[in-house]
Amino acid sequence: MDLEELKTLIEQCELDGNKICIKNSLYDIVNILKNKYSYNLLKSITAVDLGDETELIYNLYSTIDEEDVILSVKVKNEAESIIDLFDSAKADENEIYDMFGISFIGNDDLKRLYMPENWTGFPLRKDYVQDDTRLAWNDDTDNA
Amino acid sequence: MTQTTLKLNLGPQHPSTHGVLRLILELEGEKILSCEPDIGYLHRGMEKMAEGMTYIQYLPTVDRIDYLAGCFYSELFCRTVEKALGITLPERVRIIRVILLELNRIASHLLWIGAFLMDLGAVSPFFYAMREREMILRYFEKLTGQRMMYNYFVFGGIRKDIDFLEDIDEILRILPSKIQDYERIITDNPIFLQRTKAKGILEPEIALNNSVTGVNLRASGINYDLRITDKLYEGFEFSPVVLEGKDAWSRYKARILELSTSMNIIKQGLDRLNENKTFEQKLINPLTLKLPEGEFYSEIEAPRGLASVYIKSTGTETPYRLKWRTGSYYSVNLLRKLLVGEYLNDAIAIAGSLDIILPEVDK
């Protein structure tokens with residue numbers, strides 16, 4: 001399936017290079033891709049902090065057609081979960097929650113993964129270091 | 001009588017967890033009701049670290065993502081930077097990279113074979129496997145000065161031309177008979193068969209649904225080997241090892257067979273080195289290196305499954321965002337499914353058969 005065909009399938013989307021930027025429901029599109037077009041492997045979910053919003057990039061692959069498809073969706077603080085479709089999404093979404101603080105609607109099992117349970121802040125966000133008062137250079141009280 | 005369950009911590013200091021992995025098992029008698037992996041003991045913040053480093057500063061650290069197969073991550077990172085800059089590798093450099101990658105894969109698989117058998121209580125195969133692995137590590141030490149973190153690949157080439165080819169010839173001469181020895185000691189050993197045959201059955205649908213790749217997926221009957229379509233391996237002839245067994249034994253057997261595939265590729269590489277004698281590189285000045293604005297993604301077949309890197313650049317000296325995808329991360333998460341309903345004494349055999357390495361999981 002080529003990208004143009006996929007574009008007609010998905011309403012309201014833009015092509016950015018080989019990336020399909022989605023405006024409406026991600027879950028529905030992944031559902032169609034998995035169950036109708038045999039995209040059966042979710043390679044990874046990547047999150048990128050763009051400042052006021054976060055981009056989530058989904059790399060899907062079909063072992064039958066041997067084709068890749070890349071989906072992209074921009075979210076604020078909440079995103080749609082796809083754990084009903086791919087079990088591995090649990091791991092990816094948990095990692096993104098831990099590092100970016102994005103919560104996924106439909107995934108109730110989000111918890112701290114790499115960071116300690118009582119940690120505040122999300123390390124891979126761009127504003128992380130500036131905000132964190134536990135770091136010595138952000139602590140004003142000692143200098144006063 | 002009320003039913004009680006027992007919570008058991010397996011690790012993080014358990015000798016057979018291949019690093020520091022903690023599994024929280026819920027047991028009823030000896031049966032596992034649930035498994036919860038606890039990871040993060042080795043977290044070094046590789047992704048955040050990249051955002052504050054230039055590309056050449058970051059290059060030596062990428063070997064540490066998987067210290068048993070460092071070449072693969074070096075190659076992956078160099079490849080992505082080369083892709084962004086539009087560099088195609090000269091033929092000789094490409095062949096040298098393939099040879100070193102496959103040597104590294106053999107070393108990695110050998111260590112796994114030893115460690116896996118050690119998990120099951122067989123001590124001798126560990127020494128045999130380490131003895132053969134030592135030959136490869138000695139070779140790497142001679143060539144690169146390092147036994148594990150080679151830092152040998154650079155953007156557009158390699159540190160220096162390959163040398164000591166007679167050592168590789170020696171490895172290729174000795175290894176086949178040693179693999180035969182392993183097969184004689186291990187493969188049909190009744191104790192080994194009892195502990196691995198039909199244990200930890202991984203159905204292909206479940207494997208795909210959990211994003212398990214690499215040898216574990218191929219041992220479940222799905223022919224997905226990235227080396228086939230990889231441009232680096234262009235011109236090399238080999239067929240991926242695909243087995244239908246789905247169990248821990250098949251995953252062991254697939255890795256034994258992959259040793260031969262890798263040796264076959266190295267042999268072809270050595271022949272082709274003779275045809276491509278001119279050593280030229282396409283090195284760039286790493287101090288002024290800036291990646292053009294955009295997103296760059298590449299992937300490679302690492303010993304523990306599909307590995308990929310995503311780099312977003314805004315045109316500065318440092319990456320804006322860098323993300324690693326590693327095979328072991330998904331294998332660890334598969335344990336939640338794979339261990340349920342099994343007995344505790346099989347847990348180590350099943351977890352061991354997936355070839356998990358923790359620095360890759362924790363990043």
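Predicted model: local features only at pLDDT ≥ 70, side-chain atom pairs only at ≥ 80, totals over all residues.
Strand 7 of chain B, residues 305–313, is joined to strand 8 of chain B by five bridges, and the two strands run antiparallel. Both strands belong to an open sheet of three strands in chain B, with the order 6-7-8 and antiparallel pairing. Strand 6 (294–302) and strand 8 (321–325) of chain B form the edges, each pairing on one side only. From one strand to the next, the twist averages 10°.

Strand 6 of chain B provides six residues to the lining of the largest pocket, the largest share. This pocket holds about 1,300 Å³ of space. Its lining numbers 41 residues, of which K83(B), K231(B), Y297(B), S298(B) and E299(B) are the closest to the centre. At least two lining residues each come from strand 4 (54–62) and strand 5 (67–75) of chain A, and from helix 3 (70–85), helix 4 and strand 6 of chain B.

Three cavities of 30 Å³ or more are counted. The second largest cavity has a volume of about 40 Å³. Strand 3 (41–49) and helix 3 (88–100) of chain A, together with strand 8 of chain B, are the elements that give two or more residues to its lining. Helix 3 of chain A gives the most, with four residues. The lining includes I45(A), E95(A), I96(A), M99(A) and F100(A) from chain A, and E47(B), R321(B) and K323(B) from chain B.

Two packed helices are described by the angle between their axes and the distance between the axes. Helix 4 (residues 91–119) and helix 6 (residues 165–187) of chain B pack at an angle of about 25°, and their axes lie 13 Å apart. Helix 4 of chain B is therefore roughly parallel to helix 6 of chain B, since angles under 35 degrees count as roughly parallel. The crossing of helix 4 of chain B past helix 6 of chain B is left-handed.

Conventions:
Residues numbered from 1 in each chain as written. Chains lettered and ligands numbered in written order. Heavy atoms only, no water. Pairing = 2+ DSSP bridges. Axes fitted to C-alpha atoms, helices over the stretch in contact; angles between N-to-C directions. 1 Å grid on protein atoms, 1.4 Å probe; cavity = no way out; pocket = protein on both sides within 12 Å on 5 of 7 lines; lining within 4 Å. Points joined across faces, edges and corners; volume = space filled by probe spheres on them. Parallel < 35°, antiparallel > 145°, perpendicular 65-115°, else oblique. Left-handed = near helix turned anticlockwise from the far one by under 90°.
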